[in-house]
Amino acid sequence: MNTTTPLRRNPEDHPDPQSAPAASFKNVSQVFGDFTAVDDISLEIPAGRLTTLLGPSGCGKTTSLRMLAGYSQPSSGTIYIQGEDATRLPPERRGLGMVFQSYALFPHMTVAENVAYGLKLRKLPRAEQDRRAQESLDMVGLGHLAKSRPRQLSGGQQQRVALARAIAVRPKLLLLDEPLSNLDARLRVQMRSEIRRIQGETGLSVVLVTHDQDEALEMSDEMVVMREGKIMQQGAPQEVFGAPANRFVAEFMGYENFLSSSDGATLTVRPEHLGVVPAGTSQGPLGGLRLQGHILDLAYRGVDVLVTVSAREANGREVRLMCDIRAEAARELQRGDQVDVVAPTASLIEL
Amino acid sequence: MNTRKPVAAALAIVGYIVMLVPILFVVATAFTSGSTLRFPPEGLSFQWFDAALSYAPFTGALLTSLQLAVASTFLALAVGVPATLAIYRGALPGKGLVEGLFLSPLIIPELVVGLALYQQLIITFRVDNWPVLLLGHTALLLPYAVRVTGAALAGSDVSLEEAARGLGASPLRTFFTITLPILRPGIFSAALLGFITSFNNVPLSLLLQSRESRTLPITMLDYVQQSYDPMIAATSTLILAATMVIAVIAERTVGFAKIFGGINR
């Protein structure tokens, strides 16, 4: 590992999207008894970007991260770190930095000793260790707590120390295992931008595991959506959210309306793209979607109103649609009204 | 004491009285100037302490007891700590069985263990009493070593060791810089508990004794059967004082809550 590189990257350097991946998985599986936690995944983690592994619990995201860190061995397949086969390397020879869900700060050491632990092992001169530890702590805004013990710190501060400890060693990859899940809601949102800032300043390749799609959308350069050990979709947040590849990804991204197209495919549409007009009028876009139905419920939310409509599809099937419309457009609507649900063609996403 | 729970407080007071008052009687009679174990004492003198400290069977037995307690505690930790690591951290098949095996001396009556060791090793194989006594005490202390250090280990986060590995520490380095410091209070309390348990033990020591390896409690029992004078109270008082010194040291260095919290959890 190149321990002489500065912690802050040169702001003129931009990661080259064509450069070699920071890590990659080739046909990697992890089987525990008769349970397949990770099922033959192949994946490239771009350098200098923040990649999230996203999915519900049991989808294999944490298992994948632990295989990358070297804490468990894949049952089959190969893991490359910066192009080199690292599949059988023990964790101490991978040169990565990991932040655990529980933070895992060493309770018998001060904050500064925690951060310097990896530097000490790299046999850096004492003065350099101190400088590096202080620099990392300053970057997470905790320079003044260097002499404290971990147990004296709040959860959010412990989290930052864990982050400082991981970045102090200039890791090839920074791995974050559900780093925000033990923080309260306000702090969680604050730490999202904090981690983004640190990623930006250091230019580190970051892999973050989360089950929270908002967190993933807000923080990622690249998203990998997983389910039952398989990758369901990989791409930029705009791609994954704007064009979910299948119903699972769509539901996970918060899509609730699913329709059948005339050729039997499944369509989805976001609630805010649906309009509700009185039955039989010609209001709404020409062409596009128009389904007859009646209002089941209206939920007033201030600026907008969430209208639940039971609509009949062309094939006769009843579907329940959630329509998010502006409050003034809903003024005339009442429960039980016969209405048409309309949507422009461009808003329909085929899964 | 929690004053908001009157019943619990009352029970605690009764408990303290039941435990402490008889001890106070023993301590008081140790200072008598008379020659019988009687309360109230007949006067104040230190003669029975003098007598206890110069009574050769007691001083010899004390040395035996101390040697036995230190050696068996050390052996129990030497076996128990690695076993604990294997049970709580290793990928050991049949962990529960191994743990059960190490804890079994808690359940099997000491007389049975003592008799078995006596029959097999001393009678059949003619092994000396001292090594058999040491073996018996070590087995007796193993559950404490495994339980107490295990509680310290079980209460700590596995991620700590993983974090150290991830930062570049070899398994050996991780053990010495992370695992062992976390275990230290547990080892200290296991040692303390082991020492006291061995020092106070009667059944095993009774069965496995010989003239040369007779422990203090056994010698005291022998003595009480023949003569009933205040020297035995003086000896008990000295043991009590020594125990209190150990307790104070333990409280000052690690703290009781930390030491015995390991078991209560």
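# Exercises on a two-chain model

E228(A) lies in the loop between β9 (222-227) and β10 (230-235) of chain A. Helices (H or I, at least four residues) and strands (E, at least two) are DSSP runs, numbered from the N terminus.

This is a predicted model: local features need pLDDT of at least 70, side-chain atom pairs count only at pLDDT 80 or more, and totals for chains, interfaces and linings use all residues. Residues are numbered from 1 along each chain as its sequence is written, chains are lettered from A and ligands numbered from 1 in the order in which they are written, and side-chain values use heavy atoms, with hydrogens and water left out.

## Exercise 1: Positive phi

Find the phi angle of E228(A) and of N27(A), then classify the exposure of E228(A) and of N27(A).

Step 1. Start with E228(A). Its phi is near 45 degrees, a positive value in a residue other than glycine.

Step 2. Turn to N27(A). This residue has a positive phi of about 50 degrees, and it is not a glycine either. N27(A) sits in strand β1 (residues 23-32) of chain A.

Step 3. Apply the cut-offs. Buried means under 20% relative accessible area, exposed over 50%, and partly exposed in between (1.4 Å probe, protein chains only). E228(A) has 59% relative accessibility, so it counts as exposed. N27(A) has 41%, so it counts as partly exposed.

## Exercise 2: The faces of a helix

Which residues of helix α2 (residues 47-54) of chain B are buried, and where do they lie around the axis?

Step 1. List the buried residues. They are W48(B), F49(B) and A52(B).

Step 2. Look down the axis of α2(B). The buried residues fall within an arc of 105 degrees, so they line one face of the helix. The arc is that of the directions from the helix axis to the C-beta atoms.

Step 3. Check the other side. D50(B) and S54(B) are exposed there.

Step 4. Find the packing partners. The buried residues of α2(B) pack against α1 (6-30), α3 (56-88) and α11 (231-253) of chain B. Contact means heavy atoms within 4.5 Å.

## Exercise 3: A sheet, strand by strand

Work out the strand order of the open sheet of five strands in chain A, then find the bridge partners of Q292(A).

Step 1. Write down the order. It is β13-β17-β14-β15-β16 (chain A), with antiparallel pairing. Two strands pair if DSSP finds at least two bridges between them.

Step 2. β13 (275-278) and β16 (318-326) of chain A each pair on one side only.

Step 3. Take β14 (residues 289-300) of chain A. Eight bridges join β14 to β15 (residues 304-312) of chain A in the antiparallel sense. Six bridges join β14(A) to β17 (residues 338-343) of chain A, also antiparallel.

Step 4. In β17(A), Q292(A) stands opposite D340(A).

Step 5. D297(A) is partnered by T308(A) in β15(A).

Step 6. Inspect the hairpin of β14(A) and β15(A). Three residues lie between the strands, and G302(A) takes a positive phi near 90 degrees.

## Exercise 4: Aromatic rings

How are the rings of F241(A) and Y255(A) arranged, and how are those of F248(A) and F252(A) arranged?

Step 1. Count the pairs. There are 12 aromatic pairs over all chains. Rings of Phe, Tyr and Trp (its six-membered ring) pair if their centres lie within 6.5 Å; planes under 30 degrees apart count as stacked, over 60 as edge-to-face and the rest as tilted.

Step 2. Take F241(A) and Y255(A). Their centres are 5.8 Å apart and their planes stand at 40 degrees, so the pair is tilted. F241(A) is in helix α7 (residues 237-242) of chain A, while Y255(A) is in the loop between α8 (247-252) and β11 (257-260) of chain A, 14 residues apart. F241(A) is partly exposed at 26% relative accessibility. Y255(A) is buried at 3%.

Step 3. Take F248(A) and F252(A). Their centres are 5.8 Å apart and their planes are at 20 degrees, so the pair is stacked. Being four residues apart in helix α8 of chain A, they are separated by about one helical turn.

Step 4. Look for charges over rings. R270(A) lies over the face of Y255(A), at 4.5 Å from the ring centre. A charge sits over a ring if NZ of Lys or CZ of Arg is within 6 Å of the ring centre and within 35 degrees of the ring normal.
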